[in-house]
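Thanks for sending this one over. Here are a few notes to read alongside the model.

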Amino acid sequence: MSPEEWTYLVVLLISIPIGFLFKKAGPGLKRWGAAAVGLGLTLFTCGPHTLHSLITILGTWALIQAQPCSCHALALAWTFSYLLFFRALSLLGLPTPTPFTNAVQLLLTLKLVSLASEVQDLHLAQRKDMAAGFSQGPSLGLLPYIPSLMETLSYSYCYVGILTGPFFRYRTYLDWLEQPFPGAVPSLRPLLRRAWPAPLFGLLFLLSSHLFPLEAVREDAFYARPLPARLFYMVPVFFAFRMRFYVAWIAAECGCIAAGFGAYPVAAKARAGGGPTLPCPPPSSPEEAAALEYDYETIRNIDCYRTDFCTRVREGMRYWNMTVQWWLAQYIYKSAPTRSYVLRSAWTMLLSAYWHGLHPGYYLSFLTIPLCLAAEGRLEAALRWRLGPGGQQAWDWAHWFLKMRAYDYMCMGFVLLSLGDTLRYWASVYFCVHLLALAALGLGLAVGAGGPGRRKAAPQAASPAPEKLREE
């Protein structure tokens, strides 16, 4: 593990006992204490580069104050533009920020765009109430007021997820501050249930990264190996990549659970990133609060089992970095300048690659996903319905195997980063996933509609239902 990875791990681990300290505190102590801890961590890991986060926050707050009715688009443009300046600092002869500064900036961008969107929704709801002449009452997830500058700063620097996520909305943060009877919200047992696989994943990461180091792929000797060895190597590389993030995200979720952050009654049917989807009145007594069943789905960032064993590329995206996936679906996918599912996905993946950084490997990997989505959708809609139950089960197993190989392949661009290294590796395995996806897409188009079963299956595969779009 690198020194940076050790620092991340220490920050994640100390967030757990800190969470228990804040759990039963009052709203004021939670707000300012959590912000003080987060600012302290930011100053410790970022030093003078903390100024970048402050500039981003002040710029967003100014836009919210100036144009509350259109601040979402303005905040998106401002924060994404600042990301470009932030990443071009070395080209401008300015000090290069630390990796921790980049992590803080990434999460802060998500939070500020989301905050601007929440403020815009509140402003539009208030205008609608004024036009109607009466108040329609509080809407689910709507902010009660526009946050002040100090409240915006406290949300931005809250220690929860400040370096690793999960992403959370201001509404989720406010619900934590005002949580009624926090002592009745379970923490220890949910934390232990969530944390138990993390040590195993950590050991698997150390073992796989030691036996199959990524640096070997950058050496000339690697390309003298036989084709099967080169093809196989991307499997343990992606395995180590997954194990590393599983540990980080599980630890981050445990920090939230310790503080009772993101806890909602199960009846609210909370969604990762977005929060409750159904109204659920707050309990009126400690006994009523203790009788409720809670979950932490709002801050859930990874579903390890479904990530590894779901069948389709599309499903794999849904269960990976779940709170960020919600953000991308809510603020990028829905506003894409096209109605096509595949083209909307391409637009979303392009901006996701930009959010991650300027390395060409990000763009090569993320922009391979829409091709895989188009291929699996067309081929499944054209052929799967023709098979019997046994054939469909065999299809799903084959589909799962190919999905995992597609993610292995795309991971190489994500970790190699440079254009030359990524294309060199992909060329050494003959761009197999690209060619296979193109062949599957061509076959699906050639077979086309075959009967009534195809007509029923096609809309589901090619374009998700409105309910599914809201989930994704």
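The points below cover the cores, a helix pair and the annotated spans.

1. This is a predicted model, where local features need pLDDT of at least 70, side-chain atom pairs count only at pLDDT 80 or more, and totals for chains, interfaces and linings use all residues. Residues are numbered from 1 along each chain as its sequence is written, and side-chain values use heavy atoms, leaving out hydrogens and water.

2. Start with the largest nonpolar core, which has 112 residues. Such a core is a set of buried Ala, Val, Leu, Ile, Met, Phe, Trp, Tyr and Cys residues joined through side-chain atoms within 4.5 Å, buried being under 20% relative accessible area with a 1.4 Å probe, protein chains only. Helix 10 (residues 227-259) gives the most to this core, 16 residues; helices here are DSSP runs (H or I, at least four residues), numbered from the N terminus.

3. Trp-176 is among the residues with the most contacts inside that core. Beyond its neighbours within four places in sequence, Trp-176 is in contact (heavy atoms within 4.5 Å) with residues including Phe-22, Lys-30 and Phe-261.

4. A separate core of eight residues includes Leu-379, Trp-395, Ala-437 and Ala-440.

5. Where do helix 4 and helix 15 meet? Phe-80, Ser-81, Leu-83, Leu-84 and Arg-87 of helix 4 touch Leu-351, Tyr-354, Trp-355 and His-356 of helix 15.

6. UniProt, in an unreviewed entry, places "transmembrane region" features at spans including residues 76-94 and 425-447; such annotations may be inferred rather than shown by experiment. In the model, residues 76-94 are 63% helix, and residues 425-447 are 87% helix.

Terms used
Helices (H or I, at least four residues) and strands (E, at least two) are DSSP runs, numbered from the N terminus. Buried means under 20% relative accessible area, exposed over 50%, partly exposed in between (1.4 Å probe, protein chains only).
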